[in-house]
Amino acid sequence: MTDKQLFKETFSCLHASEDTVTEVLKMARIQDNKQYSMKRRPARTGALIALAAALLMGTAFAAVSYKLHAERMGDLAVAISAADEGSVPGAVAFSGEAAADVEYYDLDIEAGWLPEGMVLMTGETTVWTFEDNWGQGGFVLNSLPLNAGNATFCEVVTDAERQETLEINGHEAIYVKSSQQGFNQYMYIAYPEYNAVLKMYIGDDTSFDAAKRFAENLTVTVGNREMDPEQLEYNGKRYLDEANFIATGVWVNTADEITPEEVAAMETALAERDPANRAVKNNMTDAHALGESFQVSFLDFSGGHRDGPFVDLTVKVTDISVRDDYSALRDTEYLDMNWASCVDENGKLPKADYEFIVHGDGVNTPGVTVVDKIPDQQLYMVAATVEITNDTEETVKNAGYNGRLLSIAETAEGWEITAPQPTDASVEYDESYCTGGGRLNEMRYWDLRADGSNGGNAICDLDPGESVTVQMGFIVSECQLGDLWFFINDMDVEGVDDIRVGYVPVP
């Protein structure tokens, strides 16, 4: 998962809970590029070999001050590690201690200076964002252990185009900038007195100079929440995974105890559970017309669980509009803040390229390479108005809802999920999307919100016989129009096979 994706999912009202970004980042830092096996082993310096060997063989740990080291890995990546003063640069040492014997506490952070227009995100203590780029950039801070008990800090940044060693208030720091978009800058600051590395995720809307000044004006003290041994052990395994990636050029996720075969099986299971795939497999027999009532399963979040229970409610899609502005929306107050500010002086949505990309390893080949594009595509807002009725005998307390758009066309072989194709039919690609953000699977707008309900996209306190109306909006590009279907609810919960999902064609 890229850092951009991670931040996005953390704050997405569709997918994230109320958990803080610190917890999410701590548990799930893995770059998407590492999911792809490299075609050849990366070129390595002697220091990188020492780094991997020290981790994988178990070097003795000395109780001395740690130093941060950065070494180039292959043509594009940077390996960052923490080692004691006497180690070979780049080497990472085992402590030889059990995780339970290692003291590590989260860091308490206070900002003494912020760039103009940046504010602390509501409900967070280590997330700052610009008011005109809400939730998409700024700073996200996360503290990690230098010594996790079974290994010391190690991390690889792929697609690194710049690195610099700094000193931040007497502490060693390393800055790395990736060529990707989103959260593409990282600053690692060592606090050996707290057995911690402070990692700064820096958005591409923030300059290096601003990030450096922000770091220099931080007040960092040790917190009072100690990390449990299992979490420390997890971090140590993650560091070992990074070192193994350096040594072999292949990412193996042992920290989560998931083998490549298990990952493939999980992906297959997800595809089989996907409502769109089920709809296509069933020959679209459960499709509904605009204005028709049908039953849909809603996930009950009252217990805070994502695997049920479910409640079946009656749904009627009363209207679907496609416009190049926001005039169809009932209340633009609830529009994604980035999209609210992207229209021109006439209130029209912009144009953007639809790109076809190939994934690389981020070490010897770029993580993302554009191999073709459909340029200057007008963006459109597709707004779906949905009436939801509780025809059960119980009051609905907290039923989450979600929607998405998909392009599904009928062919000679049956129904198929489709997508825009490259202008050059011979081009092979891994993924395609609109650079302006026109992703079919993402709700960009919804106007029925419930505070504290898994991000707000929930229906609360709906009495028997009562109805509510919600409007959902999606941004799509010009080349994605045609054969579009609106899905509600697009849930794929493991172990639950009888989830009712409805879909209606976009006129």
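Residues are numbered from 1 along each chain as its sequence is written, and side-chain values use heavy atoms, with hydrogens and water left out. Because the model is predicted, local features need pLDDT of at least 70 and side-chain atom pairs count only at pLDDT 80 or more, while totals for chains, interfaces and linings use all residues.

Four strands form an open sheet in the order β19-β18-β24-β25, with antiparallel pairing. Strands are DSSP runs of E with at least two residues, helices are runs of H or I with at least four, and both are numbered from the N terminus; two strands pair if DSSP finds at least two bridges between them. The edges are β19 (414–417) and β25 (502–505); each has a single partner strand, so one side of each is left without a neighbour in the sheet. On average, neighbouring strands of this sheet are turned by 35 degrees against each other, direction ignored, with axes taken as lines fitted to C-alpha atoms. Four bridges join β18 (residues 403–411) and β19 in the antiparallel sense, and I408 has I417 in β19 as its bridge partner.

The structure holds 14 aromatic pairs. Rings of Phe, Tyr and Trp (its six-membered ring) pair if their centres lie within 6.5 Å; planes under 30 degrees apart count as stacked, over 60 as edge-to-face and the rest as tilted. The ring centres of W415 and W485 are 6.0 Å apart with planes at 80 degrees, so this pair is edge-to-face. W415 lies in β19 and W485 in β24 (residues 484–488), so the pair ties together parts 70 residues apart in sequence. Buried means under 20% relative accessible area, exposed over 50% and partly exposed in between, with a 1.4 Å probe and protein chains only. W415 is buried at 19%, and W485 is buried at 10%. W415, W485, F487 and Y503 form one aromatic cluster. The charged end of R404 sits over the ring of F487, 5.8 Å from its centre; the criterion is NZ of Lys or CZ of Arg within 6 Å of the ring centre and within 35 degrees of the ring normal.

A nonpolar core is a set of buried Ala, Val, Leu, Ile, Met, Phe, Trp, Tyr and Cys residues joined through side-chain atoms within 4.5 Å. The largest has 63 residues, of which M187 and M200 touch the most other members. Apart from it lies another core, of 30 residues, including L313, V315, Y401 and I488.

N195 is in the loop between β10 (185–191) and β11 (196–202) and is buried at 10% relative accessibility.

Elsewhere, β13 (residues 293–300) and β14 (residues 310–323) pair in the antiparallel sense over seven bridges, with F310 in β14 as the bridge partner of L299. Nine bridges join β14 to the antiparallel strand β16 (residues 368–389), where V382 stands opposite V322.

Most residues other than glycine have a negative phi. M284, which is not a glycine, has a positive phi near 60 degrees; M284 lies in the loop between α7 (275–281) and β13 and is buried at 7% relative accessibility. D376 has a positive phi of about 50 degrees, but lies in strand β16 and is exposed at 52%.

Technical notes:
Axes are lines fitted to C-alpha atoms, for helices over the stretch in contact, and angles run from 0 to 180 degrees between N-to-C directions.
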